[in-house]
Amino acid sequence: MLKDYQKRVVADIEGFFTSLDDAKTLIEKTPALGSFGSPTMFAFNNPKYAQFGDRPMTGRGQIYPRVCIKMPTGGGKTLIAVETIRAYQNILAKKKTGLVVWITHRDSIYRQTIENLQNKSHAYRQLLDQASGNRTLIIEKGQLLRRQDVEENLVVLMLMMQSATRDTNKIFEDSGYTDFFPAESRYDLHRKMLAEIPNLDHTADTLLDHMQIKTSLGNAIRVLEPLVIVDEFHTMFTDNAQATLNGLNPSALIGLSATPKRGMNIVSSVSGRDLKAEDMIKLDMHIVPPSHDGDWHSMLAAIKAKREALEKAAHDLDQNQGIYIRPIALIQVERTGKEQRGTGFVHSEDVRELLIASGVPAHQIAVKSSSLDEIKTQKLLSKESEIRYIITKEALKEGWDCSFAYILGVIPNAHNGAAMTQLVGRILRQPYAKKTGIPALDESYVYFASGHVQEVLDNVKRGFEDEGLGDVYTGIEVTDTKGNVIKAPRKVKIKKDILKSYPDSVYLPVWLIKDGKTYRRFTYENNIKPRITWDTLKLADWLKEIEPLIGKSKKTQNEVMMGIEGIATLRTIAVEESVEFDELYLTRRLSETIENAFIAFHIAKKVITSLAKTIDKATLNADAGFIARELEKILQAHRKDQEAKAFEELLTSGELTLSVSDDPELGFAMPEEDIVENGLQSSYARTLYEDVDPSSLNSLESKVAKLVEASPNVLWWARNRVGYGWYAIQGWQRGKIRPDFIIARKGEKDELEFVYVVESKGEQLLGNADTQYKTAVFARMNSIRGKVVQNRTKLMTMKLNDRFDFELVPQNEEEARLRAKL
């Protein structure tokens, strides 16, 4: 039975088709009106549709109706698509036969949709059978399509989105659809058909061969002028994609999207509150911060306990009401590739092993990645499936659907939350689109291991907006003077006058290793890591300090509960983190600091053997997380000491040099282009690039930018981005330093004086380990001032700049520091 908002959408579509049919009937009765426009144009004269600016043209040169239904994820887009087909057949086509081309966005949606449509007992198929008089054919690309099929049946042809855009040529190259075209020898009929449908693909007309229309699937579609249904329509609104859709010669196109693009004709719109009112989504949402920042092991233990509590509630629900739910936890990791394990990032196999070690049966865990898909053959909503944990990096983005997903666990830092934003929508859909009456099973849960609550809230908000549920929160949009939303990103280049007058200013120094007469990039993996030793670790002293502290505290953590309007309550909850404290567990924990598994195992065995002499097993299991965290602290301190020592040895020996080079393999130059997300032109005048996005700067960075802009001595400044291709300094620790600002200062004669590299730090971060490390690296680089080595290629005629100044600028000292330098 349709929900109230679904009934409204169907009524909107039926009203639109009725307007098209009325216009068509009017033109048929009064042929002279045809010279003033097509039925589509007449229908758009209706005040209700007068704002529709998207008026595309088919390959036959006819304007056709193309509209979009705004439908949040989880709102029942497939059901609405089926109802749209029924309305089209009844009102506009006025027949039970014909062709519908249904284009989906992702393989998961494609498989799910075609499985449901082919299943004659499924509600979607039954609705189509009602429209066709029980003569429905569901086919895929590659299956033969005959004229008799479309004349006697309602044929739904399923296509993947890349099939309609990237693989267009393959569609048009398929042959064998001879029913729709003249006999090979009837060249006159081929010419006549091409004159009527000029965008048909055909062979060349030469002296030796007559022109013939190709008997391809693409041409068959063009001849039949189908109704086209496009899921995730916003991904098919580029110029190339629109040209492809227009080339299918649709009689009408209905798109569905949670986030329609500007310029689309929105024929009907559903809000997040519509879904909330119909119990379609799991709210409230609980956000659970980490007990210790970065401790994903404890986060995983908390998720396991929460999921098992949800399963117990679900079991009781099944016993009492016969409603089956198997709560699933989604775990987002940092790496999934076969060759990516052991690189300092949390891998999917790390999580799988820890879950198994914690007592989760292996068959209840699945990995979903681009290279490994262990849920592809799973029917996750079936009682036959036993999957309770799905580990992914970003493969479960828009399109994946399983309402049993209740928990999202995020291991990557929340600060870099693009993938997290997309995963939030995966846990929102309410099973069976109906509240259970049990609060725990009517809500959703987000756990994160690293970052701040506000960063997670921001990512959750973006996730809701991406799913078309933005009205659940108060949204923020950038608009022009007329109130129109501006979101289109723009490419901006380095200003031409800077490249012409100060080309050497865009080159920045990097650390290079000198190997004889050649140089190569200095890296942590090749030049620091091999020099780390663990022989001098003072483990015995630490064991004496930690032993009296074990078993002395009860574990709790805060939980933030979000309702429709944002944060509702903050409460403290007890946390159960007990795990099997053995060599295997501790070795896994230490492997993030000690990458050599044999050394990690040796240290783990020493610790466990020593502690087991005086502390019972149950206490060690209960405090396993605490012991591991404390041990990791001394290991990390030892490692950092070793790293700094190795760096100094390389500098002293002369192997390590600070160099500036125009060789792209060795040196670094500022990227030629940047992307500005905000469509508004900024007021900044001294930027390196043609424009900058002010909204990308936090309050401290904005203050620095204003101070820099005010200095008459600044040639240019640029906000250094975090990402591939932007400036990053490799110090003696693994993580690279990515400064916030690059500033070029000019001298009294307008010459380039030096380049100032700035990292701005908030007041709350001053004095922490990261700040101290960056300050030390900058100080070491400044100590080589005037000794920067130039490595120019033979093609370089100009002298490269070798004058730099690196500085970490604390909050509240920006003006004094910048005035002194600029």
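These legends accompany close-up views of a predicted model. Local features rest on pLDDT of at least 70 and side-chain atom pairs on pLDDT 80 or more, while totals for chains, interfaces and linings use all residues. Residues are numbered from 1 along each chain as its sequence is written, and side-chain values use heavy atoms, with hydrogens and water left out.

**View 1. Helices H1 and H3 side by side.** Let's start with helix H1 (residues 4-29) and helix H3 (residues 77-93), whose axes come within 9 Å and cross at roughly 30 degrees. Axes here are lines fitted to C-alpha atoms, for helices over the stretch in contact, and angles run from 0 to 180 degrees between N-to-C directions. Helices are DSSP runs of H or I with at least four residues and strands are E runs of at least two, numbered from the N terminus. H1 and H3 therefore count as roughly parallel (angles under 35 degrees). Residues of H1 in contact with H3 include Val9, Ile13 and Phe17, and those on the H3 side include Ile80, Ala87 and Ile91; contact means heavy atoms within 4.5 Å. By class, this contact has 11 nonpolar, 3 polar and 4 charged residues (Ala, Val, Leu, Ile, Met, Phe, Trp, Tyr, Cys and Pro count as nonpolar, Asp, Glu, Lys and Arg as charged, and the others, Gly among them, as polar).

**View 2. Where H4 meets H5.** The axes of helix H4 (residues 107-118) and helix H5 (residues 123-132) come within 6 Å and cross at roughly 55 degrees. Asn116, Leu117 and Gln118 of H4 touch Tyr124, Arg125 and Leu128 of H5. Sorted by class, these residues are 3 nonpolar, 2 polar and 1 charged.

**View 3. Glutamine 364 in its loop.** Look for glutamine 364 in the loop between helix H14 (348-357) and strand S10 (365-368). Glutamine 364 is buried, at 14% relative accessible area (buried means under 20%, with a 1.4 Å probe and protein chains only). Beyond neighbours within four places in sequence, glutamine 364 contacts Glu386, Ile387, Arg388 and Tyr389.

Key
Buried < 20%, exposed > 50% of the residue type's maximum accessible area, 1.4 Å probe, protein only. Parallel < 35°, antiparallel > 145°, perpendicular 65-115°, else oblique.
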